Amino acid sequence: MTKLQAILVALGVAILLVAPVGQGNYIIYTLCSWLLFSISAMGLNLTLGYAGQVSLAQAAFMGIGAYVTALLTLSGIHWGFATVISITSSFAVGLVLGYPALRVQHHFLAFVTLAFNTLLFLVLRNEEEITGGSFGLVGMPRPSFFGITTDSNLSFYYFSLICFLFSAGVMWWILRSPWGRAFKALRENPIRAESLGLKIRRQTLLAFAIGSAFGGFAGSLQAPLVQFIEPGSFALIHSLKLLLMVVVGGSGFFFGPMLGAAVVILLPEVLRFTEGYYLIIYSFLVIVLMVYSPNGLIGLGHKIIDKLRPRHEARRDMQQGAQL
Amino acid sequence: MAELIQILVSGLAAGSIYALAAVGFTLLWQASQTINFAQGEFVMLPAFFVLVGMTVLGLPMWPAIGLGLVLSLLILGVAFKRLIVEPMLPHGTLPLVIATIALGLLLKESVKELYGATAQPFPAVFPQTVFNVAGASVSIQDIGNLVVSMLAIGGLQLFLNRTRTGRCMQASAQNPAVAEILGVNVKRMVMYTFLINAALATIASVLISPIYLAKFSNGETLGLVAFIAAIVGGFNQIRGALVGGLLIGVIDNLSALYISAEYRSAMPLILLIAIILLRPQGLLGTPEGRTV
């Protein structure tokens, strides 16, 4: 990390610290949901941007996390313990789901996860005795640590911020570790990576499972934030939304998913005046973005900066000399 | 027994329509490595073109269906290929996947906002008479749907295998570089594939809309079923998509009867996961090399 980047990150954290002060409940709630969708999208970015696999079940993993946390905290178990169980179960489901799919061609994971998301939705809706069916679960307590409660919205925001910074730190560490470098090698040139002794399948599977675990963590934050969960919040359309966050921001860039989550969450507010046409405009913008800049907004930014930056010009006379 | 025959016939009829969508899906994959996540919406949309022709322009049914076919060929065939697929092919599969997901959303929401969110009745192509076969009541509509889809797929198969253009299309799907060297206009062949997909989607749309009513959200289930049919049958075979479609149709109807109605839609998904576990190339497919 260069000095400039460090200053920018510190500035960003400072802005996040003061952002909710004096704001109404609705803005604080929007900021909280941005934080937790960023966590989930970061996980998906590991799967998509670094390991190059399309997963269409990130919302399902958030669902697993949310339901496990909700059921455990409702039966009186502390949130911290429930979260660990949520993350572990998302990770385990990711491993079980990814193992058969990654045996074959790479687009099969997309289909398996697509089917899994729909199946999980059906199970959540139909097993009413456990999950409450389409009425969902209500009244999950917000966690408290050493006597400090997070019952007020502001304190829950700071709690989510801590979780967000923790996840971002873990992700940063994963990507800088030999492991993370292996993911990148895999994306850049899988054949060369394999010839250097990397186990492609194992690495990809791990990336997918870790990405899923981030989804589970985000879900376990969603349960106490909304204090109401129902199967519809984890349907396939939300997985597509998470995929859009990663791709719109810029898959394979560290800050891509955070930017993408902000765009996907804030754009409905900005486009509110268009009423029903919001989704039409939105999907049209995504298609245009994909056609012109497949690397998302960050990729677009890089493109523009490259155009504006003065370039080193080779001596013309040398060029002429070479032609002679 | 009578009940079983009834279920089988209606399952096959629905399955043959799924097969139309699935065949288009595999064709696009073979010709241009496009995984079309908007395939369900491609089947939903032509019905609305026909409805616009009938209600806004006041056309009778058959000219309206003709108009729907022309509009589908232009929008879902030519425009889709020229404006979305072509500029994105060099960037690999992923951006195209995202773009087709967004396209599906765009088509769905446009229909909802511009035409209406309620299910629209759609004129039946076949008379709805029901007759008795060995105690089972079989409707002409089911038989008609089955026959039309089989004719469409059989005709397509003949076209691909027996005509010069069809063989050129197969060659450009299998090895574009060599096909180009041998003088095949690969770009035009890929365009033909997109046009065929649009035509199949129109046929499927006209057949299925009288049963399910025309609704903006029809594409969600249809798209999923088309994927599953294509994968179950074999991603690189037209026969496979046909078998997959029929199988899904029958299983869907059987599970509605013998397994709980709540988990009816889960059965095709379970079949999909089982196929990927046990026979990843699909029932009739030939294994492809692993592309890392």
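Q227(A) counts as partly exposed because 14 C-beta neighbours lie inside 10 Å of it. On this scale a residue is buried if 20 or more other C-beta atoms lie within 10 Å of its own, exposed if 12 or fewer, and partly exposed in between, with C-beta atoms placed from the backbone. Q227(A) sits in the loop between helix 10 (200-226) and strand 4 (228-229) of chain A. Helices (H or I, at least four residues) and strands (E, at least two) are DSSP runs, numbered from the N terminus. The phi angle of Q227(A) is near 60 degrees, a positive value in a residue other than glycine.

This is a predicted model, in which local features need pLDDT of at least 70 and side-chain atom pairs count only at pLDDT 80 or more, while totals for chains, interfaces and linings use all residues. Residues are numbered from 1 along each chain as its sequence is written, and chains are lettered from A and ligands numbered from 1 in the order in which they are written.

Chain B also holds a residue with a positive phi: L213(B), which is not a glycine, has a value of about 65 degrees. L213(B) lies in the loop between helix 8 (186-212) and helix 9 (218-233) of chain B. L213(B) is partly exposed because 14 other C-beta atoms lie within 10 Å.

Two further loop residues are buried. In chain A, G250(A) belongs to the loop between helix 11 (236-249) and helix 12 (256-270), and G250(A) is buried because 25 other C-beta atoms lie within 10 Å. Apart from neighbours within four places in sequence, G250(A) is in contact with G256(A), N295(A), G296(A), L297(A), I298(A) and G299(A). Two residues are in contact if their C-beta atoms, placed from the backbone, lie within 7 Å. From C-alpha to C-alpha, G250(A) and G260(A) are 7.4 Å apart in space and ten residues apart in sequence.

In chain B, A38(B) occupies the loop between helix 1 and helix 2. A38(B) counts as buried because it has 24 C-beta neighbours inside 10 Å. With neighbours within four places in sequence set aside, its contacts are T100(B), L103(B), G104(B) and L107(B).

The next topic is the interior. A nonpolar core is a set of buried Ala, Val, Leu, Ile, Met, Phe, Trp, Tyr and Cys residues joined through C-beta atoms within 7 Å. The largest such core has 186 residues, of which V23(B) and A229(B) touch the most other members. Helix 1 (residues 2-32) of chain B supplies the largest share of this core, 15 residues. Not counting residues up to four places away in sequence, V23(B) touches I153(B), L156(B), L200(B), I238(B), A241(B) and L242(B).

The two chains meet in a contact that takes 35 residues from chain B and 33 residues from chain A. On the side of chain B that touches chain A, helix 4 of chain B gives the most, with 14 residues. By class, this side has 25 nonpolar, five polar and five charged residues. Here Ala, Val, Leu, Ile, Met, Phe, Trp, Tyr, Cys and Pro count as nonpolar, Asp, Glu, Lys and Arg as charged, and the others, Gly among them, as polar.

Finally, confidence is expressed as pLDDT, the predictor's confidence in each residue, from 0 to 100. Chain B has a mean pLDDT of 86, and 98% of its residues reach 70 or more. For the complex, the predictor gives an ipTM of 0.83 and a pTM of 0.83.
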